[in-house]
Amino acid sequence: MSTKENIFKNLIGKNGRALGSLGYFIILMLVFLIGAPEVMMRPNLHQSVFVMLPVIMFMVIPLVFLVTAGEIDLSFASTFGLSAYIFALLLKAGLDPLLCILIGILSGAVVGILMGCLVVYGRLSSLVASLGALFFIRGFLFVASDSKSISFMEISDHWIYDVLVGKLFGVPMQVYWAALFTIFSYYLYRKHVFGIHIHHVGDNPDSAAQMGINVNWVRISAFMYVGLGAALAGIFSCLINFTWWPTQGFGYLLLALAAVFIGGTPTWGGVGTIVGAVFGVGVIAYMEVGVVAMGMSGVWRQFFNGLIIILAILGHRFHGGRVR
Amino acid sequence: MSAIIELKNVSKSFGGITALKKASIKVDVGEVVGLIGDNGAGKSTLIKTLVGVHAPDDGQIIIRGNEVKNWNASKAREAGIETVFQDRALCPQQSIVWNIFMGKELKHRFGFIREKEQVREANKLIREIGFTSKLIDAESPVGNLSGGERQGVAIARAIYNNAELIVLDEPTTALSLIETQKVFDFVDNVKKSGRSVLFIGHNIYHVYDISDRFIVLDRGEVVHQLNKNDIEGPEALMKVMKDAVSKH
């Protein structure tokens with residue numbers, strides 16, 4: 001084998017999962033383009049997708065860290081609502097919007113830390129513990145808000161609205177922020193000691209502990225990052241809609257998780273890809289509109305969503321199983 | 001000679017089962033200590049306590065004359081103690097580089113990794129310990145390596161950090177004859193460089209060959225300690241071990 005071939009093989013081997021996700025995204029877009037060329041060529045369709053896509057990105061990217069660490073979190077869909085609620089309440093109380101945002105983000109991180117402590121020190125399965133937290137936090141929101149939404153149209157006059165969710169060159173500002181967040185996360189994941197320890201803990205927690213890595217702290221901080229991302233998503237969602245409502249974010253639960261796995265991060269921990277997750281989010285964001293664009297009635301939507309998810313995950317099997 | 005590490009009256013139990021009972025051992029600078037005992041004698045527990053993986057229930061851990069509280073694996077590595085664990089403590093899905101630097105990464109400020117330097121150092125180490133396969137480079141996953149090569153990665157990690165004491169827990173288990181010889185050569189080199197080794201093995205011939213001093217462990221207690229010049233040959237060592245255990 002020549003070195004050139006080797007380098008090429010290596011490149012594919014190392015990025016197989018991310019490239020696979022890119023492949024699914026391209027295939028999906030081609031199918032929609034062929035199925036509904038007129039609709040898919042319309043710029044306003046893409047604009048509408050790009051309004052909410054960044055919100056999903058804020059949730060999904062941190063989930064890649066957590067899944068790589070060998071854990072899972074469902075509670076993020078409620079943390080989304082809780083942090084957004086805190087943001088909305090503080091805003092209504094007349095606090096400076098920037099401060100409201102910072103406190104909102106902080107609250108998400110705190111919920112993440114608590115979630116992590118519950119799993120680590122309570123020695124609970126993260127799936128079950130976070131399922132409990134998902135309903136608990138959402139239940140709290142219903143009770144606390146008396147199931148009433150909060151609207152704040154006045155925010156659109158504040159400078160922070162333009163900076164966070166205004167438009168730049170015709171593209172929603174949240175796209176830039178999500179891109180910045182994703183790039184930062186990519187470096188954190190691949191080039192920073194935090195991300196590397198996450199890989200070690202997810203791969204073999206005993207080995208990591210024997211090498212002096214603080215496994216508990218790594219796990220808790222991964223949960224914290226998920227909480228922080230969920231809070232960002234919740235606050236951006238509030239700003240985009242000028243409203244907080246009691247079920248806000250709940251619908252993203254399964255879609256965000258699906259994006260992680262379609263993105264090529266496997267369930268077993270130790271490996272994952274941020275770049276793949278970006279395409280995973282792309283698949284999720286477009287499949288909703290695409291199926292309808294192709295003229296299928298709304299009742300078919302979930303059916304096709306499911307089909308797309310299963311096919312994508314089946315495809316990832318061919319990138320090789322787990323190395324032991 | 002002064003001790004690098006000393007354990008004094010260390011006890012450890014796991015849910016009612018006593019694994020270590022007031023065990024006291026020390027390792028001096030530049031010596032190779034062989035720890036022997038039957039299966040279940042507490043060898044692995046003693047080692048894991050010594051290197052900070054298990055926290056002792058009771059007793060003292062003294063590093064170069066100073067007692068250390070809240071002993072843990074991270075502190076052990078900072079104190080210059082590196083371990084080649086029985087299970088090798090590797091992450092099979094991660095690259096050789098990431099495994100070699102696991103827990104002791106070369107960092108810039110703010111915790112970003114000095115990636116190029118790590119790869120360069122890892123490639124150098126791989127050559128030093130003699131990886132035979134040319135296809136292996138530092139960025140391939142450990143999961144693709146053979147048992148001997150994995151042991152090589154674990155040993156490379158111990159060398160890189162310039163440890164003053166290297167603990168080898170059953171390092172020759174499941175290795176071929178040639179690979180075993182490589183491990184012995186490695187121990188010899190460490191000794192020549194003036195550093196210390198704590199060697200755990202259940203093959204008494206292996207332990208006899210490379211150690212200067214022996215510690216016999218039985219049911220969590222240190223039952224005998226002797227120097228190599230007190231006995232003649234591995235058979236004599238075996239007899240001493242049996243006698244010590246039967247009296248206990």
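This is a short tour of a predicted model, stop by stop, with something to select at each one.

**Stop 1: chain A as a whole**

Chain A contains 14 helices and four strands. Its radius of gyration is 20 Å, close to the 20 Å that the globule rule gives for 324 residues, so chain A is as compact as a globular protein of that length. Along the principal axes, the C-alpha atoms of chain A fill a box of roughly 65 × 55 × 35 Å.

How much of chain A counts as buried? Of its 324 residues, the share is 49%. Now consider the contacts in chain A with a separation of 6 or more: residues 24 or more positions apart account for 78% of them.

**Stop 2: helix α12**

Select residues 252-262 of chain A, which form helix α12. Is this helix enclosed or open? Nine of its 11 residues are buried, so α12(A) is largely enclosed by the rest of the structure. Colour the buried ones: A:Y252, A:L255, A:A256, A:L257, A:A258, A:A259, A:V260, A:F261 and A:I262. A residue counts as buried here if 20 or more other C-beta atoms lie within 10 Å of its own.

**Stop 3: helices α4 and α11**

Two packed helices are described by the angle between their axes and the distance between the axes. Select residues 76-92 of chain A for α4 and residues 215-241 of chain A for α11. These two helices pack at an angle of about 55°, and their axes are 7 Å apart. That angle makes α4(A) oblique to α11(A), and the crossing is right-handed.

To see the contact, show side chains on both helices. From α4(A) the residues are A:F76, A:T79, A:F80, A:G81, A:S83, A:A84, A:F87 and A:A88. From α11(A), they include A:V226, A:G227, A:A230, A:A231, A:G234 and A:C238. By class, the residues of this contact divide into 11 nonpolar, six polar and no charged. While looking along these helices, recall that an α-helix has 3.6 residues a turn, so residues three or four places apart point the same way.

**Stop 4: helices α5 and α6**

Select residues 97-121 of chain A for α5 and residues 126-145 of chain A for α6. Their axes come within 10 Å and cross at roughly 140°. α5(A) is therefore oblique to α6(A), with a right-handed crossing. The contact joins A:M115, A:L118 and A:V119 of α5(A) to A:S126, A:A129, A:S130 and A:A133 of α6(A). Five of these residues are nonpolar, two are polar and none is charged.

**Stop 5: A:Q47**

Select A:Q47, which lies in helix α3, residues 43-68 of chain A. How many C-beta neighbours does A:Q47 have inside 10 Å? There are 13, so A:Q47 counts as partly exposed.

**Stop 6: where chain A touches chain B**

Finally, show both chains. The contact takes 19 residues from chain A and 23 residues from chain B. On chain A, select 193-203 for α9 and 205-210 for α10, each of which supplies at least two residues of the side that touches chain B. Which element gives the most to this side of chain A? That is α9(A), with six residues. By class, the side of chain A that touches chain B has eight nonpolar, eight polar and three charged residues.

Terms used:
Residues numbered from 1 in each chain as written. Chains lettered and ligands numbered in written order. Predicted model: local features only at pLDDT ≥ 70, side-chain atom pairs only at ≥ 80, totals over all residues. Contact = placed C-beta atoms within 7 Å. Nonpolar A, V, L, I, M, F, W, Y, C, P; charged D, E, K, R; others polar. Axes fitted to C-alpha atoms, helices over the stretch in contact; angles between N-to-C directions. Parallel < 35°, antiparallel > 145°, perpendicular 65-115°, else oblique. Left-handed = near helix turned anticlockwise from the far one by under 90°. Rg over C-alpha atoms; globule rule 2.2 N^0.38 Å. Buried ≥ 20, exposed ≤ 12 C-beta atoms within 10 Å, placed from the backbone.
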